[in-house]
Every structure is written in C-alpha cells, then in structure tokens.
Amino acid sequence: MTSASRADSLPGTGAPRRAPLTWAAAGIVALCASVAVAVTIGPAEIGVADVWSVIAAHLGAGTTAGDVSPIRDGIVWDLRLPRTLLAAVCGAGLAVCGAVLQSLLRNPLADPFVLGVSSGASTGAVLVVVLGVGGGALSVPGGAFIGAVCSFALVMLLSHGLGGTTDRVVLAGVAAMQLFSALTSFVVMTAADAETTRGVLFWLLGSLGGAGWSDVGTTAAVLVLVLVVCLGYARTLDAFAFGQDAAAALGVHVARTRLVLLCATALLTAALVASAGAIGFVGLVLPHAVRALTGPAHARLLPVCALAGAVFLVWVDTLARTVLEPQEVPVGVVTSLIGVPAFVLVLYRTRRAR
C-alpha cells in the first residue's frame, strides 16, 4: 500500500475521494472569475470587458484605444490588478504552508506563523521604518524578509538544541514569536511618533494597499518554487500522518525531510509577510476545509488548497477595501473576524475527535 493510499484510509477522514481534477478545474475557473470581477469593484465603474481589454493591450494581444480611457487603464493595470493578484498569491501561499505544517508537525492548529516568521518580519520592518536601519538602502519588504530569516534561524537553533522533535519546534516558534513581538512593541513605543505608529500598525495587521508588479512577481516565483518542492514531498507528507516512527519505517529520512519542508514554508511565509504584512488564519482554517473536500492525500490537497486560498483572499481583500470606503480596513482584521469562528469550530472538532 502506498503512503497516499494509506492517507486515504485514515480513520475519521470520511471525505470524498472522487474526481480530484474536478476540484482543481473548478478552482481555476473560480479564481479567474474572482480576479476579473474583483478588479471591477471600487469607486471607478469598470466592467469585466474593460479589464480584459486592458490586460490584452498590455500583453500585446489587443488595444485599449477608443475602449478604455488612460485613467481607467491605469486604475486597472497599476492599482487594482497587481493588488488582486498579490492577494491571490498570498492566499495560495498561506494555505499551502498551513497544510504542510499541519501534516509535518502533526498539529491541526499549526499555521504559517507557528515558526515565529511573522513576528521576525514585523520586527525587521519596524526597525527600517522607525529607526531607519539600513540607512535608506534597505526597503521595508527587505527589512521584513531579513527579520523573518533571522527569526526562523533562531527557531531552528533553539529546536535543535532542545532535541529537534516536532513539539520542540512548535515551542521554539512560540518563544521566538513572543521575543520578536516584544522587540517590535518596544521599538514602536519608545521611538515612533503617532503617525509612524499608525502606519506600522496598519502594516502589521496586513495590508495589500501598496502592491506593485514587482511584489507580485517575486512572491509568485517563491510560491511556485515552494509548491513544486512540497508536491515533490507529497507522498512523504502522507507518511507523516502516521507519525515519525511509521514514516521512518516506510523509508522516510525524517530529519532531512522536516528541515527541507520547514525551510521551504519559512521562505514562502517570509516572502508573503514582507509583501503584505501579517495576515492570519488563512493557513490555519482553509486546509481543514479543503481536506474535507479532497481527502488527506497531499498530491491533490496542496493544489486545491492553493486555489481555495487564492480565491478566499481575493474576496477578503475586496471586502476590506470597499466595506468602509473610502477608508480601508486592514485585510488581516477581516481574515481574523472570519477566521476566529472557524478556529473555534476546528478546536471543537479536534476535541470531539479525541
């Protein structure tokens, strides 16, 4: 019996296993439709046909002359489209990281920020914004990425010193998260003025307002790379569902696999946090919802998680920027408001499963 088939036989999963390609096809259609419609929503009235005309023109497949004004062309191509695509990439990445970490750490409550990466990224960004670390040569996303890498390195060092087991990794992540959160609060409280504090807080709560094409390209490239790596370990992740000893008995190199996948998810989380700030609950809740549809086998779970996360965050960001228009709500606030009830449901189901 393969590890994938073993994963399908897990007790209590009870999820439909049929037609995985159907879920993927439906997800792709829903994502394309969501992006096209979300770009049209906002103060300026822009239709779906206008969106396609702008995209075709910029890709060299058509022209916007006589169809879309230069102002609307700029709104679509320079403002709304990169923001919507970045939301899709961030949602996909967070959901994939959550699915991998929940299986790797055998913890249904694990999410992309369990390794303290988000807190480290926040500290790096705050040091650049408030204290001017880097002397102007380091951007806020750059500082966030460096902070995330430092935090992850600390977690790996602590967990290795404590024995390197999955529970030690989680505990080290919690310790790093508290440490960097305290450093962030200390810097903001002692060195930032009121206006800077407001801007930093908005970023820490998650914001896609400053999205540009460079952010989309960078995060998308990291997402594709990490997704390919994780899919390459799909059968191995299935084996981890039975515990580390069972995985080792099936021929899995447990320590090396865990290190590779932890580094991959940390890299992706760092890239996402550097571009959009801390957006919580996406990686915690969505993998559970998708697993109920596709089953636990990661070869189909991960791609569908990516599509579901992308669609989810596209619409959450659309809601965040329009619900109190012209004021914008941080997207992390909206995901938390949606995610907390779902989180309680996950806790309840976990308790019942025991």
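Is D167 buried, partly exposed or exposed? D167 counts as partly exposed, at 39% relative accessibility. The cut-offs are these: buried is under 20% relative accessible area, exposed is over 50%, and partly exposed lies in between, with a 1.4 Å probe and protein chains only.

Before going on, the ground rules. This is a predicted model, so local features need pLDDT of at least 70 and side-chain atom pairs count only at pLDDT 80 or more, while totals for chains, interfaces and linings use all residues. Residues are numbered from 1 along each chain as its sequence is written, and side-chain values use heavy atoms, with hydrogens and water left out.

Salt bridges next. I mean a side-chain nitrogen of Lys or Arg within 4 Å of a carboxyl oxygen of Asp or Glu. How many are there by this rule? The count is three.

D167 takes part in one of them, with R168; the closest N and O atoms are 2.8 Å apart. R168 is partly exposed, at 30% relative accessible area.

R83 pairs with D317, at 2.9 Å from N to O. That pair links distant parts of the chain: R83 sits in helix α4, D317 in helix α14, and 234 residues separate them. Helices here are DSSP runs of H or I with at least four residues, strands are runs of E with at least two, and numbering starts at the N terminus. Both partners are buried: R83 has a relative accessible area of 9%, and D317 has 2%.

R83 also meets E328 in a salt bridge, again 2.9 Å from N to O. E328 lies in the loop between α14 and α15 (331-353), so this pair ties together parts that are 245 residues apart in sequence. E328 is partly exposed, at 25%. Shared partners join R83, D317 and E328 into one network.

Now α14 itself. Helix α14 covers residues 298-322, and its 25 residues should span 36 Å at 1.5 Å a residue. The expected span is 1.5 Å times one less than the number of residues. The end C-alpha atoms of α14 are 35 Å apart, which agrees. Of those 25 residues, 18 are buried, so α14 is largely enclosed by the rest of the structure.

W315 is also in α14, but W315 is partly exposed, at 35%. W315 forms a nonpolar surface patch with V37, V48 and W52, about 350 Å² of accessible area together. Patches take residues with over 30% relative accessible area and no salt bridge; like charges are joined within 9 Å, nonpolar side chains (Val, Leu, Ile, Met, Phe, Trp, Tyr) within 5 Å. The areas come from the Shrake-Rupley method with a 1.4 Å probe, and for residues only the protein chains shown count as cover.

On to the interior. In soluble globular proteins, nonpolar side chains tend to be buried together. A nonpolar core here is a set of buried Ala, Val, Leu, Ile, Met, Phe, Trp, Tyr and Cys residues joined through side-chain atoms within 4.5 Å. Which members of the largest core touch the most others? They are L115, L262, L302 and L313, out of 91 residues. Helix α4, residues 70-104, gives the most to this core, with 18 residues. Another core lies apart from it, with five residues, among them V130, V187, V188 and V200.

Take L302. Leaving out residues up to four places away in sequence, L302 touches V96, A99, V100, L227, C230, L231 and L237. Contact means heavy atoms within 4.5 Å.

Helix α6 is next. It has 22 residues and reaches 32 Å from first C-alpha to last, close to the 32 Å expected. Its buried residues include G143, A144, G147 and F152. What do the buried residues of α6 pack against? They pack against α5 (117-131), α7, α8 (194-204) and α12 (254-276).

In α5 we find S122, which counts as buried at 8%. Beyond four places in sequence, S122 touches T184, W203 and L204.

Last, the backbone. Most residues other than glycine have a negative phi, and most peptide bonds are trans. The bond from E325 to P326 is cis, with omega near 10 degrees. P326 is in the loop between α14 and α15. R106, in the loop between α4 and α5, has a positive phi of about 50 degrees. F281 has a positive phi of about 75 degrees. F281 is in the loop between α12 and α13 (282-294) and counts as partly exposed, at 22%.
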